[in-house]
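Have it open in your viewer while you go through the points.

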Amino acid sequence: MVIKHIELPWRVVIGDGAIESTGEVVKELGLKGNALVVAGKTTLRVGGETVAKELKADVLIIEDSVEREVEKNLEWVKKNFSYIAGVGGGSVIDAGKFLAYNAGIPLVSIPTSASHDGITSPRVSLKGRRPYSVGVHSPVCIIADTRIIRNSPPRLIASGCADAISNYTAVLDWKLARDEKGEYYGDYAASLSKLSARIVMKSADKIKKDVSILVEALISSGVAIGIAGSSRPCSGAEHQFSHALDIICRKPALHGDQCGVGTIMMAYLHKADWEGIRNSLKRVGAPTNARELGIPDEKIIKALVMANSIRDRYTILRGGLKEKEAEELAIETEVIQ
Ligand SMILES: [Zn+2]
């Protein structure tokens, strides 16, 4: 039997004002030495300053791509710091994660929004010539201050819900790859991922008030990825469609929003309940068509055709869609007119 490694966070702290316990939590975990707070300009104000004070830490403001930030700062980080606290949204946390991984030090993830599962997963999204994700270490600790996340822009919360809902088709694709290609499939990781999607779909109306439902769903998605040892449980053809849009569009929409719309179409191909998915996306306030994404119809079609070639991952797109098929799919699901 193959030896499997499962990597999970040691500690998850969720609640209003959780950020103010950062110093205490870090001490309990035994993290010692100099800390570096990695934040964005806005997230420094929203939470980074509090964390820097709690940890008596230096601050690095992320302004560039994840790769560039690592290139510029890795030697300095290696020399001076023993752990990193990433305070921000997806790209800031990703920069912190990638820096920490390359420097061989732990990362504490302190999300100020909950727009996708990258805030908790052991993976980093890189842009490069083609967007892709690489495996890194899981954050040792996640401190999710629900007061901060609740006050983040509503569109970010909606997008996080859509990313969780997209687990639905990711798991269907994974199952398909097992059935048709004999790919490894982990029941436990798949169930956990599906559960996140189901809870968000079921709780659509409650999430605005109780954002911890969404945060827990995204953390569970990250845990599912940790258990599977790949992004499989949370990333199928709907994610490939979103990555294709990132390549094609000068101004792509939010990751979760694009994945959500992709989920409607991929669920249709799977002959699953695509209308139920669309209703849930509507209820959480996420886009369900090209117009709401702010993306022209022809780019949706182009992305559908391209999606299959984004990465070597077997999905419902199988050999890929022809332009005509892509157009029919988008019209049938009312993603385009
Ligand atoms: Zn995602």
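**Notes on the predicted model**

1. Let's start with a loop: Lys 56 sits in the one between helix 2 (41–55) and strand 3 (58–61). Helices (H or I, at least four residues) and strands (E, at least two) are DSSP runs, numbered from the N terminus. The phi of Lys 56 is near 50°, which is positive in a residue other than glycine. Lys 56 counts as exposed, with 9 C-beta neighbours inside 10 Å. The cut-offs, with C-beta atoms placed from the backbone: buried is 20 or more other C-beta atoms within 10 Å of a residue's own, exposed is 12 or fewer, and partly exposed is in between.

2. Some housekeeping. Residues are numbered from 1 along each chain as its sequence is written. This is a predicted model, with local features needing pLDDT of at least 70 and side-chain atom pairs counting only at pLDDT 80 or more, while totals for chains, interfaces and linings use all residues.

3. Glu 334 also has a positive phi, about 60°, and is not a glycine. You'll find Glu 334 in the segment after helix 15 (323–332). Glu 334 is partly exposed, with 13 other C-beta atoms within 10 Å.

4. Now the whole chain. The protein has 15 helices and eight strands. Its radius of gyration (over C-alpha atoms) is 19 Å, close to the 20 Å from the globule rule for 337 residues, so the protein is as compact as a globular protein of that length. That rule is 2.2 Å times the number of residues to the power 0.38. Along the principal axes, the C-alpha atoms fill a box of roughly 60 × 45 × 35 Å. Of the 337 residues, 57% count as buried. Of the contacts with a separation of 6 or more, 74% are between residues 24 or more positions apart; a contact means C-beta atoms, placed from the backbone, within 7 Å.

5. How many of the residues of strand 8 (residues 141–145) are buried? Five of the five, so strand 8 is largely enclosed by the rest of the structure. Both faces are covered: Cys 141, Ile 143 and Asp 145 are buried on one side, Ile 142 and Ala 144 on the other. In a regular strand, side chains alternate between the two faces of the sheet.

6. Strand 8 has parallel partners. Strand 1 (residues 11–15) runs parallel to strand 8 and is joined to it by five bridges, with Gly 15 partnered by Asp 145. Strand 5 (residues 107–111) is also parallel to strand 8, through two bridges, and there Val 108 stands opposite Cys 141. Pairing here requires that DSSP finds at least two bridges between the strands.

7. Helix 4 (residues 90–103) has 14 residues and should span 20 Å at 1.5 Å a residue; its end C-alpha atoms are 20 Å apart, which agrees. The expected span is 1.5 Å times one less than the number of residues. Twelve of the 14 residues are buried, including Lys 97 and Phe 98. Gly 104 follows helix 4, with a positive phi near 70°.

8. On to the domains: domain 1 is 11–150 and domain 2 is 154–332, with bounds that come from an automatic or database domain assignment. Their C-alpha centres lie 25 Å apart.

9. Helix 10 (residues 237–248) is another one to look at. Its twelve residues should span 16 Å at 1.5 Å a residue, and the end C-alpha atoms are 16 Å apart, which agrees. Nine of the twelve residues are buried, so helix 10 is largely enclosed by the rest of the structure. Among the buried ones are Glu 238, His 239 and Phe 241. The buried residues of helix 10 pack against helix 7 (167–181), helix 11 and helix 14 (297–307).

10. Finally, Leu 269 belongs to helix 11 (residues 255–269). Leu 269 is buried, with 20 other C-beta atoms within 10 Å. Leaving out residues up to four places away in sequence, Leu 269 touches Ile 316 and Leu 329.

How values were computed: Contact = placed C-beta atoms within 7 Å.
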